[in-house]
Amino acid sequence: EMPYRLVGSNVNSNAALINTGLGQYTSKVGADVNVYAKQGRVTLRVSYTQESSAKMRNNTMGLNFKLKF
């Protein structure tokens, strides 16, 4: 939780509390593999990311393939 105050708000008002719900300790692990061939005409990218905490887990995979002609 972090207190935030909007610009122009009354200085005597209470600050807004924003909670992310992720927990106190969050970790993020990821890996990217990039392959280039034929003088940059072919590109392949594979990626994986995992974010986790005591309250949540998020896994993301990606695949990009580019062919320039």
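How many helices and how many strands does the secondary structure of the chain come to? Zero helices and five strands. Here helices are DSSP runs of H or I with at least four residues, strands are DSSP runs of E with at least two, and both are numbered from the N terminus.

Before going on, the model is predicted: local features need pLDDT of at least 70, side-chain atom pairs count only at pLDDT 80 or more, and totals for chains, interfaces and linings use all residues. Residues are numbered from 1 along each chain as its sequence is written, and side-chain values use heavy atoms, with hydrogens and water left out.

From the N terminus, the order of elements is β-β-β-β-β. Three of the strands make an open sheet, ordered 3-4-5, with antiparallel pairing; pairing requires that DSSP finds at least two bridges between two strands. Strand 3 (26–37) and strand 5 (57–67) are the edges, each pairing on one side only. On average, neighbouring strands of this sheet are turned by 5 degrees against each other, direction ignored; the axes are lines fitted to C-alpha atoms.

Now the pairing in detail. Twelve bridges join strand 3 to strand 4 (residues 42–53) in the antiparallel sense. Y36 has T43 in strand 4 as its bridge partner.

Next, the totals. The chain has 69 residues, and 7% of them count as buried, meaning under 20% relative accessible area with a 1.4 Å probe, protein chains only.

Last, contacts, meaning heavy atoms within 4.5 Å. Of those with a separation of 6 or more, 23% are between residues 24 or more positions apart.

Technical notes. Buried < 20%, exposed > 50% of the residue type's maximum accessible area, 1.4 Å probe, protein only. Axes fitted to C-alpha atoms, helices over the stretch in contact; angles between N-to-C directions.
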